[in-house]
Amino acid sequence: MAGIFEYFVVCGLGPEVRTLDGNKGFHGMGVMYLSSLLDQYPPSNHSLYPPPPPQLPTCVLPAGVEFYSSGFDSNDVSTFPRSYPIVLTEGDGSKIYVSCIAFRDPVSDDIAEAYRIPPNSFADKCICLVSRLPSFCMLRNALEELFALCFSPTGSSKPLWDVIEYMVSNVPLPTPGKDRVLFAIENCLLSVEAPPKEGLPHADISFQPLVECLDVDNLITFFTAVLLERRILLRSDKYSLLTLVSEAICHLIYPFRWQHVYIPLLFFSGVDYIDAPTPYMMGLHSGVDTSNLAMDGVVVVDLAYNRITTTEEIPPIPEPDLSSLRGDLLKLLHPNVVGIDAMKASFGNSSEQYPKVGNKPWGEDHDLQLRLIFLKFFASILGGYRNFIENTGTHVFNTQAFLKKRARSTNQPPEPMITQFLDSHGFLDYAERGLGSDENNSNLLDKLQDAIGRGQNPMSILPSSLVEPEIITISDPGVGISGSGAKYTYDRFPSNNRTEEQKEKRKQILAAASGAFDYSGSRHTPSSPSVLVGKDKAESLSPRERAAERERMVLDIKVKLQGLWLRLLKLGATDDPLSSFEYGTILALIESDAEGIGGSGFVECIREHIHSGWQCHLTEEQFIAVKELLKTAIGRATSRNDMPTIRDALEVSAEMYKKDANNVPDYVQRHLISLSIWEELRFWEGYFDYLMDRSSNKSTNYATQVTTQLILVASHMAGLGLHDNDAWYMIETIAEKNNIGNKQFIKLRGFLSHVQQLRISYWGISSVKAQSMSSFGLPSPHSHDSTDDDQQPAEASGVGRSWVQSMFSRDTTSRTNSFSRVRRWTSDSGTLAANENGTPRKQDLSSFGQKKIQTSVRMLRGHSGAVTALHCVTRREVWDLVGDREDAGFFISGSTDCLVKIWDPTLRGSELRATLKGHTKTVRAISSDRGKVVSGSDDQSVIVWDKQTSQLLEELKGHDGQVSCVRMLSGERVLTAAHDGTVKMWDVRTDTCVATVGRCSSAVLCMEYDDSTGILAAGGRDAVANIWDIRAGRQMHKLLGHTKWIRSIRMVGDTVITGSDDWTARMWSVSRGTCDAVLACHAGPILCVEYLMSDRGIITGSTDGLLRFWENEEGGLRCVKNVTIHNAPILSVNAGEHWLGIGAADNSMSLFHRPQERLGGFSSTGSKMAGWQLYRTPQRTVALVRCVASDLERKRICSGGRNGLLRLWEATINI
């Protein structure tokens, strides 16, 4: 029989002391430290129990571990123990309920000595009970009894961990509606039971904290935000309040379920999660600063001040349902104010439907009535919904038909709140769950609708509780018989009995911390029960014993790595490997270089898996995870000069691949080019020597043997994507050292040129560290050997794929093992003299490349808050009859610090030209012309500045919502759009609003204007693309089709492209007002769209990280190219005739090039959109980006980060 308790866990300060920033060691009392899992039952080596959730130590002590100079003080409330619940959510959506008690406990003597912590210090410790049963009260009571028993002056009759072991092992899970389990902790009797499954879900919490913290109106707003799946952040200075309110609101939306991220108590160091773009419900302590976060669209529920704030509108519940819900809540919460003594809600005609609890203190009856009020609300707004549930291939609920039926019954148009609710994941999940149910197995919502229709008492839908549950008593036979009245007392929470392996591991960690290699722990600690006899100190190990112990630990690490690797490959389709326990543990072992085999052990377990018959095919998510792990392993191996590990890592990376939508494989090895190790000549010399030494055919002609091995080296260089000039320089240098003849030189050069050309046709020009060698007199393979004007691209691509597959095959006759090298390889000679042809010295080449790489990306500092708007001044904006102005190419940024800054990229080191002050809230939109800059802000104002003097010229006020878009037009005019749903035209000269040229039913998020025709297009939260003819003063079309917010819009000529949160993009005709095509291949909202007039092609970027190229054919639009180099939402797509700039939310950028037909060899009958090839992408740095702007004329891309930094990349450097 399953037990109630899954684990008893102790978390706190472990033997490896680290700050929250990752710094090892003790750094003072005022610093917060990472929490570790100290003890648990069942133990970690128990084969029948999975390990506790890996995030448990971090979550149970959200602020971290703090040191104190004193412990518990009855006169100081701040030293009292704190009891609070938390809820963890696993990958499959199941919940784990944890009851916690945090308290100050003395620091262990061995830890204090190893880290030089002041004596008699205390630190945070937390004991936890973990269960799958949401019995919060029982968990809290049991844990408090264990805590009281530990520090009781009278002691316990059994050792504390024996009490814990018996309770966790023997208390069974009660049968819902049938059993009540009684068990005792020492002399305290506890009970637990579960209600019948036919009733409301088990909620062992009080709803009183929810209704005490929020008034009726805020409670309804909070409920609506949850129902519409917004991003919700709860704030309170009490841990328990955050969890209880989160659980309460989840029960009030029954029978629907919260489908998104759910973290009721967020650990302090995870505050960056708040900027996540997807829906979530999180709770954060009020003491955590969030002022530097953008918080766009986040619904902040402040429980301490009964306040809800958000930058996005929450549509209200329609009438009369809102009034009915509000009235029922007022009658329950404030019966005396309403003028009644008992609850008399209008569920039916009976006045005795509910117990009279109006004047009673809040109790279980109030909880039940509150839940029924909200269930009645759902029964009202979803009347007759069962008639619209369908089981078709495209949907399970006919939303449009239901909305039409509701509109007829209410005599009102479809309400936004109802429409958004029907599109939510929670409702769709509910509809899917109801497909297979019959009338006898219907849920409470269906039963309540039927009961109301028949005029019955709504309480009749709940199962009766007339049958008394069966009592199951669990008694501990060992209590009170442990000898002659022996008592166990403790002055600190005791540690569980550790295995010899755990003791040795603890000693090694502390020995490393203290620097004492002969460390002998096992001291008698005060945590031992007073009746136990102290143990002798363990004798130091001999060298032979230490060697044997290390071999055993190495084997243990290898076994663990093999298990973690296999589990990583078995994760489900909905699991994210990068956030999994397996990935995090492997990464930690590699980074810590556990026993010197962290990285090598990981690579070895992959190799063994391959040898056992694994086909090396990875999913998209696994591909990304393995790629990052191998990068880390190679980096660590390089720092240790570990040649075998690098060689093996490169070999396995060449074998593992994924397939795209066209079934074309992409190999892991290609993504390792960002490691600078591949640019060093001495590595390739060492690798070549390794190949020669292991060559099995010693009788072959020496020159032929050298050529064969160099061809293998060249194959791997191409597989990595190393630039052809770099590769030829190193191949040529090695060949000259080995004195091969001219014939072999020609063979090498031809092979290298061939494979480089095939690589480009297969992957595109994707080298991220390409360098121009023309100044050194090196021959160019493109101009002499590789270019074939008559070659058809389809044939080249096919040959390229065949070559790639053969190069990466496991056939040893056609491919050798991969290569390795070290970063600073020592050798007899320090430099390589220049050869007769002027080939540069190696040191000169290295320094040349490093100098270029260092100056390609610049960090522009000036903002103190997140960058929220970014604009590039184009030549078209500032061109006049005199010619180009100097400010073409400037970048203008806006931030949450309310400032607008102008940057000149040509002034290296002093790029900041001006700071414009005037806004009082976050800047959201920027535009400019020859002499002015215009900006829009959350303060609902639009400010016009003089670009030369930086003075504020005009402040345009008239919008009633935050300004989302601005556009500087000719004739001293400004076009603005805002969240009030209006688009306004302003005359800067008179400081007046000329006209409100467009009105939408909700916030405008994007707009496009053609100044030559006067056509305006705008879209936003109403999911409608509106087209106006401003000059004629009329609205041309309301383009309907999208079902969610329109995030992006692009208008070129008669064509409008829109991208929406419904995962689709649409192409519309302005003149006809019709939808010409629907683009529906993305797996997330489409944030940016681009249209190329010359090709009639479309480019879309989405939150799924994909960039898709669409080509217009006679039969419609077809996706001809997918780009997967970005792993985060695509924020910007800017296309010119031959250049394309891309920016993503993870601070990654890319520049694409489409050469002219005479240069690129593209056939006139081939796909033009597929001709875009990756030109260059900079090395990515970790940052969260909110906006991106591109200057294609100068090959610059700039991103604005949440940390206030602008990252400017100049792609022309390193060519």
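This is a short tour of a predicted model, one selection at a time.

**Before you start**

Residue numbers run from 1 along each chain as its sequence is written. Because the model is predicted, local features need pLDDT of at least 70 and side-chain atom pairs count only at pLDDT 80 or more, while totals for chains, interfaces and linings use all residues; side-chain values use heavy atoms, with hydrogens and water left out.

**The whole chain**

Start with the protein chain in cartoon view, where you will find 29 helices and 48 strands. Both are DSSP runs numbered from the N terminus, helices being H or I of at least four residues and strands E of at least two. Of the 1215 residues, 54% are buried (buried is under 20% relative accessible area, exposed is over 50%, and partly exposed lies in between, with a 1.4 Å probe and protein chains only). Contacts here are heavy atoms within 4.5 Å. Among the contacts with a separation of 6 or more, 62% join residues 24 or more positions apart.

Now colour by pLDDT, the predictor's confidence in each residue on a scale from 0 to 100. The chain has a mean of 78, and 80% of its residues reach 70 or more.

**Stop 1**

Select H6 (residues 216–227) and H7 (residues 239–252). A packed pair of helices is described by the angle between the axes and the distance between them. Here the angle is about 70° and the axes are 10 Å apart. The axes are lines fitted to C-alpha atoms, for helices over the stretch in contact, and angles run from 0 to 180 degrees between N-to-C directions. H6 and H7 are therefore roughly perpendicular, a word used for 65 to 115 degrees (under 35 is roughly parallel, over 145 roughly antiparallel, and the rest oblique).

Show side chains next: Phe222, Phe223 and Val226 of H6 meet Val245, Ile249 and Leu252 of H7. By class, this contact has six nonpolar residues, no polar and no charged ones. Nonpolar covers Ala, Val, Leu, Ile, Met, Phe, Trp, Tyr, Cys and Pro; charged covers Asp, Glu, Lys and Arg; the others, Gly among them, are polar.

**Stop 2**

Most peptide bonds are trans, and most residues other than glycine have a negative phi. The bond from tyrosine 254 to proline 255 is cis, with omega near 15°. Then go to proline 42, in the loop between strand E2 (36–41) and helix H1 (56–60); the bond from tyrosine 41 to proline 42 is also cis, with omega near 0°.

For positive phi, select arginine 116, at about 55°. This residue sits in the loop between helix H2 (109–114) and E6, and is exposed at 58% relative accessibility. Serine 950, with phi near 65°, lies in the loop between strand E24 (941–946) and E25. Serine 950 is partly exposed, with a relative accessible area of 23%.

**Stop 3: histidine 959**

Move on to the loop between strand E25 (952–957) and strand E26 (963–969), the place of histidine 959. Is histidine 959 buried or exposed? Histidine 959 is buried, at a relative accessible area of 4%. Leaving out residues up to four places away in sequence, this histidine touches several residues, including Gln940, Ala977, Lys984 and Trp986.

The side chain of histidine 959 makes one with the side chain of threonine 976 (2.7 Å), and another of 3.2 Å with that of aspartate 980.

**Last stop: two glutamates**

Glutamate 911, in the loop between strand E20 (899–903) and strand E21 (912–917), is buried at 8%. Among the residues in touch with glutamate 911 are Arg858 and Trp903. Glutamate 212, in helix H5 (residues 208–213), is exposed at 57%.

Conventions: A polar contact is a pair of N or O atoms within 3.5 Å; within protein, one must be able to donate a hydrogen and the other to accept it, and residues adjacent in sequence count only if both atoms are side-chain atoms.
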